[in-house]
Amino acid sequence: MTSDRTVSEGQDQSDLFRGVSGPADLTESESVKGTPASRLPAFVLGEELAVLADRDPRIVVLTADLASANRTVEFKARHPDRFFDFGIAEKNMITAAAGMAACGQLPYAATFAAFSAILCAEQIRTDCAYPGLPVRVIGTHSGISMGFYGTSHHATEDLGMLRTVAGLTVVCTTDANHLRGVLRASVDHPGAMYIRLGRGRDPEVYPDVPAIAFGRAIRLREGRDLTIIATGAEVRPALDAAASLAARGIEARVVDMHTIKPLDEGEVRAAAAETGAILTVEEHNVIGGLGSAVAEVLVDCARVPFRRHGIDDEFAPVGPPAGLYAHYKLDADGIAGVARDMLAACKAS
Amino acid sequence: MAMTTAAARSGHGRNATPEFLADRARFVRLETLRLTRIAGAGHYSSTFSAAELFAALYYAHLRIDPARPDWPDRDRFILSKGHAAIGLYPVLADLGFFDPALLDDYTRLGSPFGDHPDMKKIKGIDFSSGSLGHGLSIAVGMALAGRVQERDYRVYCMLGDGELHEGQVWEAAMAASHFRLQGVVGIVDRNGLCIDGHTEEIMGIEPIDERFRSFGWEVQRIDGHDFEAILGALGELAPAGVGAPQMIVADTVKGRGVRMMEGSLNWHVGNLVGRDYDAVVAELQRGLAPAAAK
């Protein structure tokens with residue numbers, strides 16, 4: 001051993017894939033920096049499940065060689081006999097979770113959304129949803145949140161794929177407290193569920209743990225000029241966009257549509273009837289996800305100006321997450337601009 | 001055509017005679033004929049290869065109670081080669097899991113009984129199957145649940161040999177060994193054929209026994225139509241616990257029991273009509289002749 005620090009050091013694996021290190025850190029929005037870990041989703045998943053498991057012996061947690069990245073290590077530390085690392089074999093993990101559920105367990109199986117949802121779509125459909133088993137498939141690092149790791153690690157199709165599976169509840173979590181609320185509500189929810197997480201460092205929307213009712217959207221801001229319906233990690237920038245729109249005299253209602261299926265159709269109809277224009281915002285292909293789900297409701301009721309905002313049917317380029325959000329106008333400024341363009345186009349026509 | 005439930009029960013238990021089991025295997029084949037005729041098509045030959053295995057497991061081995069299909073301590077049986085369900089339904093009915101008359105509408109609109117089994121609709125089916133490659137993973141999950149709950153049931157999983165092409169089988173094989181799930185019992189119905197041809201010509205899978213051994217399994221290789229061998233292998237199984245998972249590779253003949261189907265590629269799915277049907281019924285009622293050469 002020498003005292004010279006000539007050897008590179010490994011990094012804490014819990015921060016692997018988050019791209020938080022490095023001098024030119026473009027991956028963190030300013031609002032996240034300095035947020036205590038207890039307020040970041042990446043750090044509460046395992047802890048919250050461990051607390052729930054203290055009271056509920058059915059709960060087991062499975063992962064596929066990502067216990068550090070998704071913090072299910074916190075669960076492992078508290079309930080080692082109910083934690084199972086399946087290695088890099090996701091299909092086996094999801095199907096085994098179904099086998100556990102068939103014998104009375106309540107499994108939470110977590111890995112990157114690209115692998116839990118997209119790789120294992122058939123296992124979710126055939127082994128979890130078709131038999132109606134209470135498997136909770138957790139997709140972390142969804143959308144383009146993996147940034148420069150590229151398309152193999154992005155998941156911009158998961159909502160569209162899984163929304164067509166009969167009987168599957170599809171939920172996006174917004175921030176750390178919202179994730180806690182979703183997990184608490186999931187314990188006694190019947191049937192299979194897909195729970196979509198962002199990068200795990202999503203900025204705060206809810207200062208306290210909200211009471212979650214699946215299929216019931218949360219209206220976060222009132223407005224009369226349009227409604228921004230957002231989901232997951234896009235809720236915070238949608239709120240920030242609404243604030244900047246207000247400064248220009250545009251009052252936007254903001255809805256957290258956390259449950260993609262079953263969709264809160266009443267909230268969509270109310271948005272159409274009461275605000276007269278709808279903008280959906282999601283970190284997903286504009287085909288198949290939140291925007292499509294909302295569109296399906298709108299074709300059955302009043303025609304209003306409507307735009308689906310997301311990723312326009314392409315594979316995202318490589319880049320740090322914050323750069324990608326700006327590129328796709330999925331940050332607050334971008335969303336505000338899209339909303340203004342949409343309303344201007346309405347007036348012009 | 002269906003034998004009475006009472007007659008079946010009289011032989012149920014670990015002392016079932018080979019003659020009784022042979023009669024139940026014949027019942028499986030005859031019922032497969034009858035139900036296929038109702039549906040208009042069915043999986044004859046991959047059910048016939050498993051008939052002795054079904055009979056031995058259900059009439060002489062599994063810890064089950066038809067009066068309590070949800071009994072938490074029962075052994076589980078996963079028919080991963082779900083296309084052989086047509087041979088399992090009559091056994092479950094015969095044992096009393098449900099009214100055998102329900103099978104008279106096999107595959108008709110609204111029937112609980114399709115070509116592949118549905119655990120939500122059929123008592124005695126421990127897991128829905130049909131998509132090959134999933135069953136062994138189900139067994140891993142069920143065995144882990146048994147460990148969490150400190151139960152000593154075994155989980156049996158019957159796989160087709162062509163099914164071993166599926167990569168997920170080997171993920172599960174690795175996991176069963178890694179987690180030391182001694183209560184997982186795999187049974188490969190090694191009938192030699194997949195749909196397009198002989199497995200060794202389509203996608204080779206031998207040596208099956210050595211492959212599972214190299215994955216950390218205890219393996220027995222037996223004649224899957226010989227009750228003495230089947231019961232011997234089942235009797236050798238270690239109890240559920242912490243140890244190597246256990247595999248029985250059962251060498252069988254696809255289409256066994258019907259000369260024109262044995263080793264034939266033409267009867268994976270088929271439908272016998274008219275005099276052909278009657279002739280095959282008569283052939284089966286005479287009992288098994290020596291198998292045709294593979």
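Which residues are buried in helix α10 of chain B? Before I answer, please note that this is a predicted model, in which local features need pLDDT of at least 70 and side-chain atom pairs count only at pLDDT 80 or more, while totals for chains, interfaces and linings use all residues. Residues are numbered from 1 along each chain as its sequence is written, and chains are lettered from A in the order in which they are written.

In α10(B), residues 227-236, the buried ones are Phe227(B), Ile230(B), Ala233(B) and Leu234(B), where buried is 20 or more other C-beta atoms within 10 Å of a residue's own, exposed is 12 or fewer, and C-beta atoms are placed from the backbone. Helices here are DSSP runs of H or I with at least four residues, and strands are runs of E with at least two, numbered from the N terminus. These four residues lie on the same side of α10(B), because they cover an arc of only 135° around the axis, taken from the directions from the helix axis to the C-beta atoms. On the other side, Glu228(B), Gly232(B), Gly235(B) and Glu236(B) are exposed.

Turning to the contact between the chains, 24 residues come from chain A and 21 residues from chain B, with two residues counted as in contact if their C-beta atoms, placed from the backbone, lie within 7 Å. On the side of chain A that touches chain B, α3(A) gives the most, with nine residues.

Finally, Ile228(A), leaving aside residues up to four places away in sequence, touches several residues, including Ala238(A), Val254(A), Leu279(A) and Ile335(A).
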